[in-house]
Amino acid sequence: MLSKYSNSRTLGDNIKLGALTAFSAGMVNVISVIIFFAFTSNVTGHYAVLAEEIAKGNWYQAGVVASWILLFFFGGFTANLIIINFNKTYTYLAHAVPIILEIICLLIVGSYIQFYYQETLVETEILVGLMLFAMGIQNGLTASISNSAVKTTHLTGLTTDLGMLFSMFTKKEFRENKALRGKAKIQMAIMTSYLSGGVAAGLVYLNIGYNVFYIVCLFLLVVIGYDFYKLKVSMYMSARQPFLRIQYLSGMHRNRKRKRKDLQNA
């Protein structure tokens, strides 16, 4: 899931990546809406607000919203910068570091809210900006390693693509197209996971309050931990392959000898 890059990825890799990261993005977005009354997993609405504030001449608010958009931009920039510089050295680490940065950002926001938050406007603006940076990192990571097949933090384009795909599936020639069916599976997985993550975050927040940030971080840790475990198992099996091959050939040799002896005794 995180250990493969671009065209070497399978449909299953992209579905797992999209589903798991969209779940966390849905959680983050709903938490930010509940606490800050602001969306943090996409910037389309922020562009509209920026235009409105500029038109009204509210330069301070326009500056704040512009800085949020820039932070989302720098999140994607940071994720891709790490990947293109370290991907050839150690692919898994290059893909895991952006998620670790995302976890650190969410931990800072969660801890600050729990222990220091006075609900001032400036605090809110800074914390929303940090969450937008974290979401920019996640979106940049998934888009970069999947060759833009997986984008998990905004659903406008995804819903448009799904509408187009389903209209194409009214024709048999498109229904039989494997690539289109695969794309639809990825999009459906992202949509349902994003929605599920949002619902889960809302329910969890009602029970444990601000601790919900730690749940999101724990979920992201499980994602990179699971992939690290799978990678280690794969490397171990690969290293043991010569031994397994010898055992297999030895077993075949013993079977041939047994059959030959049975024929001689018959």
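1. **Burial and how the model was made.** Of the 266 residues in the chain, 41% count as buried, where buried means under 20% relative accessible area, exposed means over 50%, and partly exposed lies in between (1.4 Å probe, protein chains only). Keep in mind that this is a predicted model, in which local features need pLDDT of at least 70, side-chain atom pairs count only at pLDDT 80 or more, and totals for chains, interfaces and linings use all residues. Residues are numbered from 1 along each chain as its sequence is written, and side-chain values use heavy atoms, with hydrogens and water left out.

2. **The overall plan.** The chain has nine helices and zero strands; helices (H or I, at least four residues) and strands (E, at least two) are DSSP runs, numbered from the N terminus. Following the sequence, you will read the pattern α-α-α-α-α-α-α-α-α. A contact here means heavy atoms within 4.5 Å. Among contacts between residues at least 6 apart in sequence, 71% join residues at least 24 apart.

3. **The largest nonpolar core.** In soluble globular proteins, nonpolar side chains tend to be buried together. A nonpolar core is a set of buried Ala, Val, Leu, Ile, Met, Phe, Trp, Tyr and Cys residues joined through side-chain atoms within 4.5 Å. Which residues touch the most other members of the largest core? Of its 48 residues, they are Ile 31, Phe 36, Leu 106, Ile 113, Phe 213 and Val 216. Two or more residues each come from α1 (11-36), α3 (59-86), α4 (91-115), α5, α6, α8 (178-208) and α9 (212-265). Helix α5 gives the most, with ten residues. Have a look at Leu 106 too: leaving out residues up to four places away in sequence, Leu 106 touches Val 28, Ala 134, Phe 213, Val 216, Cys 217 and Leu 220.

4. **Thr 124, inside a helix.** You will find Thr 124 in helix α5 (residues 121-145). Is Thr 124 buried or exposed? Thr 124 is buried, with a relative accessible area of 16%. Not counting residues up to four places away in sequence, Thr 124 touches Phe 36 and Tyr 117. From C-alpha to C-alpha, Thr 124 and Ile 113 are 9.5 Å apart in space, and they are eleven residues apart in sequence.

5. **Ser 146, in a loop.** Ser 146 sits in the loop between α5 and α6 (156-168) and counts as buried, at 3% relative accessibility. The side chain of Ser 146 reaches the backbone oxygen of Thr 142 at 2.5 Å. Aside from neighbours within four places in sequence, Ser 146 is in contact with Arg 9 and Asn 14.

6. **Aromatic pairs.** A pair of aromatic rings is described by the distance of the centres and the angle of the planes. Rings of Phe, Tyr and Trp (its six-membered ring) pair if their centres lie within 6.5 Å; planes under 30 degrees apart count as stacked, over 60 as edge-to-face and the rest as tilted. How many aromatic pairs does this rule give? The count is nine. The ring centres of Phe 73 and Phe 74 are 5.2 Å apart and the planes are at 70°, so this pair is edge-to-face. Phe 73 is partly exposed at 49%, and Phe 74 is partly exposed at 39%. For Phe 166 and Phe 169, the centres are 6.1 Å apart and the planes at 75°, so this pair is edge-to-face. Here Phe 166 is partly exposed at 45% relative accessibility, whereas Phe 169 is buried at 15%. Ring pairs also link Phe 73, Phe 74 and Phe 77 into a cluster.

7. **Two positive phi values.** Most residues other than glycine have a negative phi, and most peptide bonds are trans. Phe 37 has a positive phi, near 55°. Phe 37 belongs to the loop between α1 and α2 and is exposed, at 75% relative accessibility. Glu 119 has a positive phi as well, near 60°. Glu 119 lies in the loop between α4 and α5, and at 60% relative accessibility Glu 119 is exposed.

Methods:
Polar contact = N/O pair within 3.5 Å; in protein donor to acceptor, adjacent residues only side chain to side chain.
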